[in-house]
Amino acid sequence: MLDLSRDWDRNRWYLFDRLVESPHKTCFFVRQQTLDSPEWAGEMEEATRFWYNGAAEKSTPVFPPAMEEACKYVERIVNEEMHKRTRFPLEWGGEPPKSSDEDFAPTDGKKIIWRANVAASNCYEGAKETVGFHTDALTHLGPYPTIASLSLGTSRIFRLREVVPSDENETRSARTFNIPMPHNSLTIMHASCQETFKHSVPPQRTIDLFHPPFPPPLSLKNSGQSRDCNDEEGKQNQPGSNARINITFRFFRPDFRPSTTPQCKCGVACVLRPDMKNRYTYDGSSTSKGSSEPTGSGKPDSTRRNVVSKYWWTCHAGAQNEGKGCGMWKVMDAKAEGRGPFAGDV
């Protein structure tokens with residue numbers, strides 16, 4: 001992945017009438033079977049090209065073999081963990097995308113409820129490359145997404161900061177969590193994380209160089225980049241790296257594909273955001289559609305309100321139109337817009 005990241009780009013967008021550039025490199029990948037899926041009818045290419053602040057990206061590459069293999073391990077872990085918790089009513093309740101991996105079957109006999117079909121990848125080189133506090137746009141992820149973040153390379157801090165509901169601002173402060181992300185670690189942002197927290201990768205004063213435990217594959221050998229993998233000295237003297245590669249495996253929902261996205265007065269696709277300041281507590285007592293079993297066996301966190309009151313479709317044209325937008329917004333109406341199926345009653 002470090003070799004591939006040399007060709008990744010720094011995205012640009014407008015923020016308050018000022019053109020800014022992301023302080024790290026990014027690239028978006030799509031799974032081949034998703035591109036071939038009739039469920040998406042050719043719309044995945046459009047969804048992936050405009051994933052980052054509305055900027056038109058180059059054609060989206062498919063998962064390379066190493067990413068595809070890693071994704072299968074990630075999917076097994078994510079499904080195991082999702083079965084341990086309460087599911088939210090607005091989570092995707094339909095069948096997950098088909099997989100070409102016939103060996104991917106739950107060992108405990110439980111239903112597969114999550115598969116990735118896209119991956120946003122980021123490269124942070126050195127201690128000063130960062131990303132500020134943000135929540136991921138839900139335009140194609142839909143409400144209450146689950147996102148699996150795989151970290152490779154040098155260790156960095158992943159920071160979560162709670163957004164406190166409006167009526168609690170005077171009684172308590174936001175909680176912040178610093179999570180070390182060493183090489184080959186997986187962090188799952190479960191449903192409600194995007195609704196209740198903002199996340200970032202902050203700058204650090206120092207970082208440790210990452211020394212690969214194995215030599216690079218033969219396919220990556222090129223002049224000046226790696227030593228002969230058959231050379232014992234080369235195995236012991238692989239150069240250290242100050243980069244962290246972050247691969248966030250995601251599921252783009254077919255009920256939120258581009259043709260269903262409202263347009264603002266600018267004629268540009270809107271972006272979907274949660275109303276993070278107005279939330280209530282979901283007790284998890286409802287059941288999934290078509291099932292008499294509870295939506296999960298995990299207990300909800302009674303110390304925070306984890307369900308937002310509404311979601312907004314808002315104008316996003318200003319991100320690429322010299323900061324100029326129409327300011328249009330409207331509340332998402334899941335039933336009127338034909339969204340679903342959902343994990344619970346809406």
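**Entry 1: cores**

Which residues touch the most other members of the largest nonpolar core? I found M44, Y144, F252, L272, Y311 and M332, in a core of 36 residues. I count as a nonpolar core a set of buried Ala, Val, Leu, Ile, Met, Phe, Trp, Tyr and Cys residues joined through side-chain atoms within 4.5 Å. Buried means under 20% relative accessible area, exposed over 50%, and partly exposed in between, with a 1.4 Å probe and protein chains only.

A note on the source: this is a predicted model, where local features need pLDDT of at least 70, side-chain atom pairs count only at pLDDT 80 or more, and totals for chains, interfaces and linings use all residues. Residues are numbered from 1 along each chain as its sequence is written, and side-chain values use heavy atoms, with hydrogens and water left out.

Back to the core: β3, α2 (44-49), β4, β7 (156-162), β14 (307-308) and β15 (311-314) each give two or more residues to it. Helices (H or I, at least four residues) and strands (E, at least two) are DSSP runs, numbered from the N terminus. I then looked up M332, which touches P143, F256, L272, Y311, W313 and E337, leaving aside residues up to four places away in sequence. A contact here means heavy atoms within 4.5 Å. I also came across a second, separate core of 23 residues, with C27, M67, W92 and A119 among them. In soluble globular proteins, nonpolar side chains tend to be buried together.

**Entry 2: the whole chain**

I listed 5 helices and 16 strands in the protein chain. Of its 346 residues, 48% are buried. Among contacts with a separation of 6 or more, 78% join residues 24 or more positions apart. The chain exposes about 17500 Å², and carbon and sulfur atoms supply 51% of that; the areas come from the Shrake-Rupley method with a 1.4 Å probe, and for residues only the protein chains shown count as cover.

**Entry 3: salt bridges**

How many salt bridges does a search of the whole structure find? I got 16, taking a salt bridge as a side-chain nitrogen of Lys or Arg within 4 Å of a carboxyl oxygen of Asp or Glu.

I looked at E125 and K25, whose closest N and O atoms are 3.6 Å apart. E125 sits in strand β4 (residues 118-125) and K25 in strand β3 (residues 25-30), 100 residues apart. E125 is partly exposed at 35% relative accessibility, whereas K25 is buried at 12%.

R85 and E91 form another salt bridge, at 2.9 Å between the closest N and O atoms. R85 is buried, with 12% relative accessible area, and E91 is buried, with 1%.

R250 and D136 meet at 3.6 Å, N to O. R250 lies in strand β11 (residues 243-250) and D136 in the loop between β5 (131-134) and β6 (147-153), so this pair ties together parts that are 114 residues apart in sequence. R250 is buried at 9% relative accessibility, and D136 is buried at 11%. I also noted one network, in which salt bridges that share partners join E162, E168, R172, R175 and R279.

**Entry 4: a sheet**

I traced an open sheet of 4 strands in the order β5-β10-β7-β8, with antiparallel pairing. Two strands pair if DSSP finds at least two bridges between them. β5 and β8 (176-181) stand at the edges with a single partner strand each, so one side of each is left without a neighbour in the sheet. From one strand to the next, the twist averages 15 degrees; axes are lines fitted to C-alpha atoms, for helices over the stretch in contact, and angles run from 0 to 180 degrees between N-to-C directions. β5 pairs with strand β10 (residues 197-201) over 2 bridges, and H134 has H199 in β10 as its bridge partner.
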